[in-house]
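Hi,

Here is the structure I said I'd pass along.

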Amino acid sequence: MGLGGFTKEERERVIAEEKAKIEQERKVTKNSMDQREAMIAAIRAQVEKEKAEKEAKMKKAQEAAIAAGVAPASASSGGSSKNKNFLSPEELARLQERKRLKAQGIDPDTVMPPEPEKPAEPEKKEEPQGVGAASGGLGLGGVSKEGGLGGAIGGDSLQSTGNEGGLGAPMSGGLGLSGIGDDPVSILPGAQESGYNIDFDDDNGSAEAAAKKTKHDEEMAKRKKAAEDAEAARMRAEEEKAKALAEARAKKEAEEKKKAEEEKARKDAIEATKKAEEEAKKAAELAKKKAAEEAVVRKAREEAAKREAAEAAKKKAAEEAKQKKFKEELQRKADSTNKRLEQAVQKLVETNKLVTELTDKDQNFAKFVEDGLAKIDADAKTEVEAIKNTEGDRVKAVVAGFDEKRKALDEEHANKEKEAAKALEEEKKAKAAAIEEVKKSQETKKKNLASENEKKKGDLSKQEDAAKKKLVDDENQAKTEAKKKQATDKANLEKEMAALVKKAEDDLASTKKDIQAADGKIKTAESKVKELESQLEAAKKAVETEKKAKADAEASVSKKELAIANAKSDAEAKKAELERSFSSKEQQIVKDFEAKRASLAEDFVAKKNKLVDDFTKENANIDTETEKLVKEAEKALADVDKNVDSDKKKRQEETDAKKADLKKEEDAAIEAEKAKIQSEVDAKLAEVEKKKKAYTDEQNAGKADVHEQLETAKKEAADSVQVYEIAKRKADEAMAAAKRLGVEISLPALDMEVPKNLIKAAPAPSHKPVSKPEKAEESGDAQPANVPTFVKEYLDKYIKDGKVGASIAKAISEVNANRSGNKNILILGKHGFGSTCLGNDFARAYHAAGIIGSNKIANIKAAGLNKRPLESVKDKLKGGCLVVENANALTDERLKEIKAVAGNPANEICVMFTGEFERLVQVLASAGCDDLFGHTVSLTELDNDSMFNIAKEYIAQLGYKTDDTGYARLKNKLKEIEDGNLDRYLKIVDSAVEKAKAQGENENLAPVDFD
C-alpha cells in the first residue's frame, strides 16, 4: 500500500497525468504568448516601416525644395500641425555644398566627409486611446487629425494645398518644382534664387538678388512666427485633451476594479461550492479505495504464502537436483578413473609384450639373424624358379607374334598386285581420253578466242561512240553552265548594286532626318534662350554645337552621294569585266573540246590495231600448244606398258626383303627374351645377396639399438605402472569423498590389482612431462651434491623444503650439468596459478649461473598470451625467459608456436610453464608438445607447512628476522589465501619488508608488518 491510501502504480499514474496536464497548459500558454508577441512585433514593424517611409519622403521633399530654391512647408492649410521638419543650418550648408560640387562636375561623395549620424529624437508621449481614436494612437483603420496609421495625414502631407503650399503647389515665395521647363534641377546658376541666406560661389551678386533675399527673409520670419503660435495653441489643446483623458481613464479604472472585485467574489463562491463537492466525492473514493486496498493486501498475503511454499518446494527440488548432479559428477569421475585403469592395464600388457619381444631378440641375436637370412634365401629360390618356368611360354608368344606379321605381309603383297593391275587399265583409259580432251579443248579455245575478239571489236566501237557522245554532251553542258553562271553573276551584281544604292539612299535620308532634328533642337534652344536669359550662354553653345552637327551631316550627305556615284561606276565596270570574262571562257571551252576530240580518235585507232595483233598471236599460240600436248600424251601412253613388268618385279623384291628382315627380327626377339629371363634371374639373385648383406648389416648395426629399445620399453612400462598407481589413488580419493558425503557410487574396476608379474626389471620412473613427477624425498635438508652454490640465493628457500625441494634441486643440477641441452621447465601444481615466483627464481638462477645470457623475464597469463603471438616479441625476449601462468589454458595454435620459437636455438628463449598437473599434461599431449620440456618440478605436495617453511627461508634470504609472534601472524595469513598459492604468500613477506624499510627497520619485521 502506498502513501495516502494509493498504491505505487496509482500514485505514479496520477503524477504522470498531472504532469501531462501541466505540460499541455504550458504549451497552450506558450502558443498564446508566441501569437501575442508575433502580433505585437508585426504591429511594431508596420509602425516603424510607415514612420521610416514618412521621414524618408519628407526629407526627400525638403532636399528637392532646397535644390529648387523653395522654402520647406511647415504646416497644413489649417496651420494646426507642428513645424518640425526644418533642416538645421549645418544640413542646409551641406546640401548647398553638394549642389555646388555637382554643378562643377565633381562627385560630392569623393571629396566631402560622411554625414554625421543624427541623435535619436525623443519619443512623443502616446495618448491612452485605442485603435481608431480621434487624436493620436496607432489609428489603424480610423481617421486621425494628427495622422495615425491608415488615417489622413495632415500637417506634413505632400498632397496639401494652400498659400503655404506643399511640394508641387504654387508658392508665394519661390519656384515650385513644376515652375520651369521639363527639368526642375537644370536651372542655370546665373538665374537661380536662393531661399536661404547662403552665398553661392556662382552668384552674380546683383542688387536684384539682394532685394529678393531681404524680402524672402522677412517672409520666412512671418512664417516662423505663425508656425510657433500655431504650435503653442496646439500644445495647449493637447494638454487639455490629455487631462480630460486622464480623468476619464481614472474613472474607467475605478469602475473596472469594482467589477473585477464583484467577479472575484462570485468566482470564489462557485469555487468553494465546487471544492466541497469534490471533497465529498474524494472521501467516498478514498473509502472505496481503502476497501479495495485491504482486499489487495489479503490477496497479496495469500499469494506470498503460496510463493513461500513454492519457493520451499523449489529449493528442495534444487537441492535434490544438486545432490543428483553431484552424484552424477562423482560417478562420471569414477567412470573416467575406471577407464583410465583399464587403459593402464592395456598399456601394461602392450609394454610387457614389447619388453618380452625385445628381450628375446637381445638374448638370441645370432639365431635371429641366421633365421632371417634363411628366410630371404628361401623366398629368393621360389621367385627364381617361377621366372625360369615362364621361358617356354614367353618364346612361343614371340614366335606367334611374328607368324601373324608374315601372314599380314603376304596379304599386303597380293592386294598390291590387284591394285597395280586395276590402276594400269585405268591409267591407259585416262591417257587416251586425255588426248581426245586436249584436242577438243584446244578447238574450243580457238572458237572462244574468235568469239571474244569479235565481242571486243563491238565493245570498242560502242565505247568510241559513247565517248564521242559524252564529249559532245560535256561540251554543251559546259556552255550551258557558263551561260547560267553569267546570268547568275549578272543578277547578283544587280542585287548588290541595288542594295548599295538603297543603303546609300537610306543613309542619306537618315542624315536628312538628323538635319531636321538638329533644326528642331536649334529652334528649341533658341526658344529656351528667349525664355531663360540666364541660360543664354549655354543655349548659344548648344546652337553652335547643333549647327556644327548640321554642317557635319551635310558634309556626310555629300560624301554619301559621292559614294553612291562611285558604287554605280564600280558596278558598271564589274558588269563589263563579267562580259569579257564570259566571252574568254566560252572560247577556251570550244578549244579544249576540239583537243579532246582529236585525242579520242587517235586512242581508238591504236586500240583497234592492238586488238587485231593480239588475236593473231593468240591463235598461233593455241595451235602450237595443241600439238605439244598431244605428243606428250601419246608418249605417256606408250611408257605405261614398258613400266608394268619392272613395277611388278620391284614389288616382289620388296615383299621378299621384308620377310627376310622379319625372320632376323624374330630370331633376335627370341634370343632377347631368353636373355631377359636370364637377366631377371641374375638380378633376383643379386638382389637376394644385396638384401642378405643389408639385413646382416642392419641387424649388426641395430644390435646396440635393440638394447636401447629394450631399456626404453622398460621405462615406458614403469611409467605405465605409475599412471596406474595415480589412477588407483584418484579412484580411492573419489570413493573416500563419496563416503564422506554419504553418496553411493559404483566403481566396478576399483578392486583390480597391478599385474606385477607382467613387469620385468622395471627401472626408476622417467621425468617425462606425460607422467606425474616422483614424490620428493622426506629428508629435509638433503641436497644433491651437484647443485651450484651460486644459485642458492634464488632457489635455496625451496630446496630446503623436504616435500618440494628434491625435484627443484634435481632440475637445476641437470640443467647445470648439460648447459647445451633443453632448459625448459614444467612446474606442476595443484592449480594453474600461484607458482610463477618459482619460475622467476629459476630464470634468475639461470642468469646468475651463466646458463642464459639475458636477465629479461616475461611474465604472462595464458589468456593474455593467446591474444598476442609470441613471434611479435621474440626479438625483445632473446636470451631471456618466458614464464607462463596457468599454461593449461593455452590454445593448440599458441602451444605449437611456442614450440617452434623456443625450439629454435637461434631465438635463445627459455620457457617456464606453470599449471595444474593433469590438465596441463593432457593439453601438451593434445598439441604434440610433450618434448618441449626437458625438466619437471612438482609442487603437487605443497601444503601449508611447506609454504610456511619457504616463507621463513625467504625472510632470512632478504636479511630480516622476526619473533615467534611475527611467525605466528605470518602462519595465520595462510588462512586468507588459496591452497598452494605461493606467489600471493611470498608477496605478504615482500609487503612486510617494505613496511619495515619505511619505518627505518633494517633487520626486524614486526607482527603488524604482516597485516
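Below is what turned up on cysteines, aromatic pairs and charges over rings.

Keep in mind that this is a predicted model.

Cysteines first: the structure holds 0 disulfides. For cysteine 881, the nearest cysteine sulfur belongs to cysteine 910 and sits 3.9 Å away.

On to the aromatics. Searching the whole structure gives 3 aromatic pairs. In one of them, phenylalanine 842 and tyrosine 846 have ring centres 6.3 Å apart and planes at 70°, which makes the pair edge-to-face. These two sit in helix H11 (residues 836-849), and because they are 4 residues apart there, about one helical turn separates them. Phenylalanine 842 is buried at 0% relative accessibility, and tyrosine 846 is also buried at 0%.

Another pair joins phenylalanine 913 and phenylalanine 933: the ring centres are 4.8 Å apart and the planes are at 55°, so this one is tilted. Phenylalanine 913 is in strand E4 (residues 910-916), while phenylalanine 933 is in the loop between helix H14 (917-927) and strand E5 (935-938), so the contact ties together parts 20 residues apart in sequence. Both of these phenylalanines are buried.

Last, the charges over rings. Lysine 596 lies over the face of phenylalanine 593, 5.1 Å from the ring centre. Lysine 971 lies over the face of phenylalanine 948, at 5.1 Å from the ring centre.

Cheers

Notes: Residues are numbered from 1 along each chain as its sequence is written. This is a predicted model: local features need pLDDT of at least 70, side-chain atom pairs count only at pLDDT 80 or more; totals for chains, interfaces and linings use all residues. Side-chain values use heavy atoms; hydrogens and water are left out. A disulfide is a pair of cysteine sulfur atoms within 2.5 Å. Rings of Phe, Tyr and Trp (its six-membered ring) pair if their centres lie within 6.5 Å; planes under 30 degrees apart count as stacked, over 60 as edge-to-face and the rest as tilted. Buried means under 20% relative accessible area, exposed over 50%, partly exposed in between (1.4 Å probe, protein chains only). A charge sits over a ring if NZ of Lys or CZ of Arg is within 6 Å of the ring centre and within 35 degrees of the ring normal.
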